[in-house]
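Take a look at the model below. The text after it walks through a few of its features.

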Amino acid sequence: MFKTLSNAWRIKEIRSKMIFTLLMIVVYRLGNIIPIPFMDKNVVNKLMSSNAGGLVNLLDLLAGGSLKQMSVFALSIYPYITASIVVQLLTIAFPRLGEIARDGEMGRKKVAKYTKIGAVILGIFEAMAIANGLFAKAIVAKGYIQSALIITSLLAGSMFLVWLGEIITEKGIGNGISIIIFLGIVSNLPTQIGTFIYGIMTGTVGILTIIGIVLAAVLIVVIVVLINEGERKITVQYAKKVVGRKMYGGQATHIPVKVNMSGVMPVIFASSLLAMPQTLSLLFSGGTPSWISSYLTVEGSVGVYVYSIMNFILIILFGFFYSSIQFNTVEYAKNLQQYGGFIPGIRPGKPTGEYLQKISNRITFSGSIILALVASAPIVLSRLSGMKINFGGTSVIIIVGVVIETMKQIESMMLMRHYKGFLNK
């Protein structure tokens, strides 16, 4: 990885993109310290520690600490992520919207427009809930004008991050939205390390516990890399055909079926659904009822196991859902038959689609179970060890996925440059 970065830095075009991305990262970090007007940070910290429990701490972790600081980026880009999930579901429920999404570049632009409109609507709702529900006691000057300024600041900050992510994607390196989420998680790493060091110095945390956590983290990283890079290659043969005096086709290729096609989306969606009861209670009543804390959150002695089991099941279900969206076996079989391709030993058409579906189901099931274990195991281990760990499986999956995706993009840019140099010669 470091060798790739070093080689990329020597190329002027890629170096410019890397510098631009770094400058946008600086802008993001500076925005995290710009406070929202009329909010008392001390009261916010007290409300988070007394009422929020694990949920708001998790939201603050993913937002890079901006929620605790009550900065203009407190909403982060999660209204946009939620809107994109809803739009993806609607493309399945409404065939017309699905046709628009598959209508090339224009269709993607229309879907992106609908997603942004949904993000604005959800952002207004979440900003109003934060100002009038969760952190209502932290407002030092109450009134219609003050509330409007707070809501506008939160919404503007969230949509600015969406714009920032798009600019990074267009002019920088990697996927901008993913990089912003990545930065939010990584920015809390020094605090977590400091907590471990302080625990060792005060004797509240044993050396063996730290070693166990480090080994578990390394193991999770290895597993995540393996399931992100793992794939099943299905051989495809193209029939030979004669056009005029020339013969075409006859070559063999393969269909790569990835172990984890859906990435981190099943984990994010499962976490969103499980957090919904606590989220609604926090936003509208300012506190979490005891029965929700006991049975539906990781804070409860029984709830941690109920939450983990439900999280495990939902990740598997959503893994199959997103796999079916990204790998349409029926369309794949039709395209193969149309262009004269076939899988050796399998008849073209419907049998090919059924074969691909069978292979996809097996691989998706294995990948979803591994993904569910990686996401759920740290929750239970943290509870059993008594050590508060902010970095769970979801965070590690996001971090590793973003790093791999960014490095692949850099490598592809370097490869394209070599091809251009060869063609110019």
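The model is predicted.

Start with helix 2, residues 12-31. How far apart are its end C-alpha atoms? They are 29 Å apart. At 1.5 Å a residue, the 20 residues should span 28 Å, so the two values agree.

Now turn to the sides of helix 2. Its buried residues are Ile14, Met18, Thr21, Met24, Tyr28 and Gly31. These residues cover an arc of only 135 degrees around the axis, so they sit on the same side of helix 2. The face turned away from that buried side carries Lys12 and Leu30, both exposed. An α-helix has 3.6 residues a turn, so residues three or four places apart point the same way.

A second pair joins Phe320 and Phe365. The ring centres lie 6.4 Å apart and the planes are at 40 degrees, so this pair is tilted. Here the partners come from distant parts of the chain. Phe320 is in helix 14, residues 303-326, and Phe365 is in helix 16, residues 350-385. They are 45 residues apart. Phe320 is partly exposed at 27% relative accessible area. Phe365 is partly exposed too, at 42%.

How many salt bridges does the structure hold? It holds one. The side chains of Glu166 and Lys116 meet in it, at 2.9 Å from N to O. Glu166 lies in helix 8 and Lys116 in helix 7, residues 104-134, so the pair ties together parts that are 50 residues apart in sequence. Glu166 counts as partly exposed because its relative accessibility is 31%. Lys116 counts as partly exposed at 29%. In general, side chains of opposite charge can pair when their charged atoms come close.

Ile200, Ile207, Leu208, Ile211 and Leu215 make a nonpolar patch of about 500 Å². Which helix gives the largest share of this patch? Helix 11, residues 207-229, supplies four residues. Ile200 is found in helix 10, residues 189-202. Its relative accessibility is 34%, so Ile200 counts as partly exposed; patch residues need over 30%.

Gly199 has a relative accessibility of 3%, so it counts as buried. The cut-off for buried is under 20%. Gly199 and Ile210 are eleven residues apart in sequence. In space, their C-alpha atoms are 9.7 Å apart.

Terms used: Residues numbered from 1 in each chain as written. Predicted model: local features only at pLDDT ≥ 70, side-chain atom pairs only at ≥ 80, totals over all residues. Heavy atoms only, no water. Patch = residues over 30% accessible without salt bridge, like charges linked within 9 Å, V, L, I, M, F, W, Y side chains within 5 Å. Areas by Shrake-Rupley, 256 points an atom, 1.4 Å probe, with all protein chains shown as cover. Salt bridge = Lys/Arg side-chain N within 4 Å of Asp/Glu carboxyl O. Helix = DSSP H or I, 4+ residues; strand = E, 2+ residues; numbered from the N terminus. Buried < 20%, exposed > 50% of the residue type's maximum accessible area, 1.4 Å probe, protein only. Expected span 1.5 Å × (residues − 1). Arc of directions from axis to C-beta. Phe/Tyr/Trp six-rings, centres within 6.5 Å; stacked < 30°, edge-to-face > 60°.
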